[in-house]
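Thank you all for coming; I would like to take a few minutes to walk through one structure with you. Please have a look at the sequence and the model first, and then we will go through the details together.

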Amino acid sequence: MVQRGTGPPLVFVPGIQGRWEWTAPAVKALAARYRVITFSFPGEPGSRLCHDPEAGFNALVRQIDLALDEAGCRRAAICGISFGGLVAATYAAQRPERTSKLVLVSAIGPGWELDDRARSVMAAPWWTTPLLVSGSIQRLYPEIATALPALSERLPFLVKHTARVLCAPMSLARTGDRIRLAASVDAGSLCGRITAPTLVITGEPGADRVMPVEITRRYKDAIANARVATLERTGHIGLVTRPERFAELVADFVGEDAGHLFNGHTRAVAETVEDLSGGSDHA
C-alpha cells in the first residue's frame, strides 16, 4: 500500500496493467487535497499479495479492505480508472458501508465486450507484445497531442511517462488474466446495489480509443442519481495528461465528505507515528 497527502481519505484503484506508478501524476494532484491510499494489484511488485486468477474480484475487493484497514479508515471515497473503475464499482456494490462516494474514470461499463486486441493478449500475451505497443501508441498519441498541444509540454510528458512505464513494467500474463476477469463480470448487475453518490468521468466523445465514452457513461443511467463530468481535451488518460484538472473534478464532487478517517485510538496512534516520522507519506 502507498499513501500520499493528508486530509479526507480517498482510495485510488489503478488500471488494468495493475501498477499505481503509471498514474503517479493523478495521485500527486489528488494528494494536494486528500489522503490518497493506493496500491498495485496482487502479484505486482510491492503489493505483498499473490496473484490468483481463480480468486476473481473477491481478491481485489479484499485488497481494498486491507488497504483501508491498514490506513485506519472505516470508510472512504473510492476512485477507479478503467479496469480499476470496474473494481471500484464492485467494491461499492459489495461494501456500501465503507464507500462514502464513488468516482468511475473511463471505466469498463455495462455492455462492454472483448475486442480482437483483448482476445489476443489473453491468448498469447508475449507474442502480441509488439502489436500491443504499436497499437497503444497509435491510440494514445493523438489524445496526448490534443491535451498538450505545445511541443514544449508534450515532449517532457512523453519522457516522464515513458520512464514511469519502464520503471514499473506491466506483466502481460497478469494483464491477460484481468481482461478475462473483466469479461466475466456483468457491470450492469452491480449498479442496482450501489448506493454511494457516484461521479462518472470520461474524456470527450470520440477521443477515448481504449474504452468508448458511451460505454462508461452507461453507469449514469444504471446507478441512481449518478452524475457525469467530461475531462476536456482528453480521452482515456486525461488523469495523467491533465492531472490538475482531473483532481479539480474529483474534488468538486467528493468535497470534504470523503468518510471518517480514523477511530479515536487509531487517530492518536497515527498522529504519533507521523510526528516521529516527520511526514505523512508512507510506502
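This is a predicted model: local features need pLDDT of at least 70, side-chain atom pairs count only at pLDDT 80 or more; totals for chains, interfaces and linings use all residues.

**The cavity and its surroundings**

Let me begin with β6 (198-202) and α11 (238-241), each of which supplies at least two residues of the lining of the largest cavity; helices (H or I, at least four residues) and strands (E, at least two) are DSSP runs, numbered from the N terminus. Residues are numbered from 1 along each chain as its sequence is written, and side-chain values use heavy atoms, with hydrogens and water left out.

Rolling a probe the size of a water molecule over the atoms shows where empty space is left. A cavity here is a set of points, on a 1 Å grid over the protein atoms alone, where a 1.4 Å probe fits but cannot get out, and lining residues have an atom within 4 Å of a point. The structure holds one cavity of 30 Å³ or more, and about 40 Å³ of space lies in the largest cavity, where grid points are joined across faces, edges and corners and a volume is the space filled by probe spheres set on the points.

Which residues line the largest cavity? They are V105, S106, I201, T202, G203, L231, T234, G235, H236, I237, G238 and L239. By class, the lining divides into five nonpolar residues, seven polar and no charged, counting Ala, Val, Leu, Ile, Met, Phe, Trp, Tyr, Cys and Pro as nonpolar, Asp, Glu, Lys and Arg as charged, and the others, Gly among them, as polar.

I would next turn to I81, which has its place in strand β4 (residues 76-81). Is I81 buried or exposed? With a relative accessible area of 5%, I81 is buried, the term meaning under 20%, with exposed meaning over 50% and partly exposed in between (1.4 Å probe, protein chains only). Leaving aside residues up to four places away in sequence, I81 touches F12, V13, P14, G15, V105, S106, H236 and L239, a contact being heavy atoms within 4.5 Å.

Definitions and conventions: On a 1 Å grid over the protein atoms alone, a cavity is a set of points where a 1.4 Å probe fits but cannot get out, and a pocket is an open set with protein on both sides within 12 Å along at least five of seven lines; lining residues have an atom within 4 Å of a point.
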